[in-house]
Amino acid sequence: MAHGYHFFMNPGPTNIPERILRAMDRGTIDFNGAQFKAIAEECFAGLQRVFKTTQPILAYAATGHGAWEAALVNLFSPGDKLLVIESGFFSLNWGMRGQAFGLEVETLPNDWRRAADPAKLETRLREDRDHRIKAVLAVHNETSTGVAHPVAELRRAIDAARHPALFLVDTISSLASFDFRMDEWGVDVVVAGGQKGLMLPTGMAFTAISAKALAATAAATLPRVYWDWRRLLGEASQAYWNGTAPVHFFYGLQEALRMLEEEGLDNVFARHHRLAEATRRAVRAWRQNDGPEIFATDPGSESDTITAVLVPEGYDADKVRQLALDKFNVSLGGGLDRLRGRVFRIGHLGDLNEPMVLGTIAAVEMALELAGVPHGRGAVQTAMEYLTDAS
Ligand code: PLP
């Protein structure tokens with residue numbers, strides 16, 4: 001029997017703040033009426049500030065997978081070639097969806113523990129002299145590994161190769177948690193979801209679309225009805241819904257955007273960095289005695305939203321995760337794909353504060369002990385000292 005507060009520390013979905021829950025706890029309104037129009041307009045304007053773009057954004061009643069698919073079917077034709085920058089489970093999964101639509105998907109190989117190398121991208125694009133590659137796909141924050149990838153530098157690599165490929169970026173676990181700039185970084189399509197940095201219940205996803213990407217929709221021949229950007233888009237933002245607009249998601253989104261603006265995006269990013277750094281220091285304390293280590297190996301590429309913790313060879317990360325849940329009511333993320341059983345993932349994004357992170361670190365240390373995984377001690381003290389100094 002679980003008691004007390006459930007510590008939900010998965011890297012998404014994230015904790016839904018009371019303010020958002022209360023904002024959604026209202027009766028419905030006519031989605032064709034002026035009241036909804038005003039809420040939607042406020043939301044799209046707020047989203048543009050979060051995406052750092054002046055270009056149109058579309059919202060769907062869907063998970064991130066829907067927004068992934070929307071990007072593919074609106075931009076490409078069967079046989080078109082995509083270059084997916086390998087970063088982990090999510091990058092490969094996006095590419096597989098392209099294959100399912102008859103696209104030719106090439107993977108730019110990359111060690112999952114390291115940030116993508118812009119020089120490798122530039123070299124590959126230079127080799128593509130007849131410009132067969134129609135788009136480069138990247139995941140800003142690879143949620144399966146806890147590695148953040150250098151989007152601005154990857155853009156510079158595309159430019160340096162003088163390659164016309166579209167640049168598509170998945171920001172599902174970075175947006176509204178650490179810095180992302182659609183326009184300044186020259187991203188053509190941004191894929192995002194509501195259930196992470198935006199702190200919403202799962203079921204709302206977004207694409208932001210550059211003028212170059214919009215122009216590409218005209219030549220694309222993959223079948224699309226539900227996702228068709230040309231139908232959904234009005235002058236500057238969404239003008240059409242496939243059926244009923246998800247009014248309650250907009251109530252929640254309006255409140256989420258107000259909360260982010262009250263805190264200030266830079267302060268949101270600083271908070272995420274502080275809590276992430278405390279988590280990293282805790283893992284480094286466990287690393288003593290040949291204990292677990294941070295999966296990300298490149299200094300500076302560790303994600304500020306999720307830390308994947310690699311357990312020593314011969315130990316089961318899932319056992320640690322299960323013990324944390326069963327004994328201490330702390331929910332962590334498990335390892336995905338080839339990392340199953342090798343890592344557990346601590347999510348530190350969304351509506352989170354210091355005691356939540358410290359409580360989690362304490363529970364994980366107890367779970368490591370119970371699972372018999374060798375580890376150093378004192379991670380909570382280490383994190384406390386850092387958080388005290390950094391506050
Ligand atoms: N991309 C990334 C980076 C993710 O972290 C996730 C989900 O965790 C997805 C895509 C898929 O999003 P969804 O689960 O909303 O379909």
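Contact here means heavy atoms within 4.5 Å, and helices (H or I, at least four residues) and strands (E, at least two) are DSSP runs numbered from the N terminus. The model is predicted, so local features need pLDDT of at least 70 and side-chain atom pairs count only at pLDDT 80 or more, while totals for chains, interfaces and linings use all residues. Residues are numbered from 1 along each chain as its sequence is written, and side-chain values use heavy atoms, with hydrogens and water left out.

**Helix 2 against helix 9**
- The axes (lines fitted to C-alpha atoms over the stretch in contact) of helix 2 (residues 34-51) and helix 9 (residues 247-263) come within 9 Å and cross at roughly 45°.

**Around strand 5**
- Strand 5 (residues 133-139) is mostly covered, with 6 of its 7 residues buried (under 20% relative accessible area, 1.4 Å probe, protein chains only).
- Strand 3 (residues 81-85) runs parallel to strand 5, joined by 4 bridges; strands pair if DSSP finds at least two bridges between them.
- Val 84 sits opposite Leu 137 of strand 5.
- Strand 8 (residues 166-170) also pairs with strand 5 in the parallel sense, over 5 bridges, and Ala 135 has Leu 166 as its bridge partner there.

**The open sheet**
- Four strands, in the order 11-12-15-14, form an open sheet with antiparallel pairing.

Key: Axes fitted to C-alpha atoms, helices over the stretch in contact; angles between N-to-C directions. Buried < 20%, exposed > 50% of the residue type's maximum accessible area, 1.4 Å probe, protein only.
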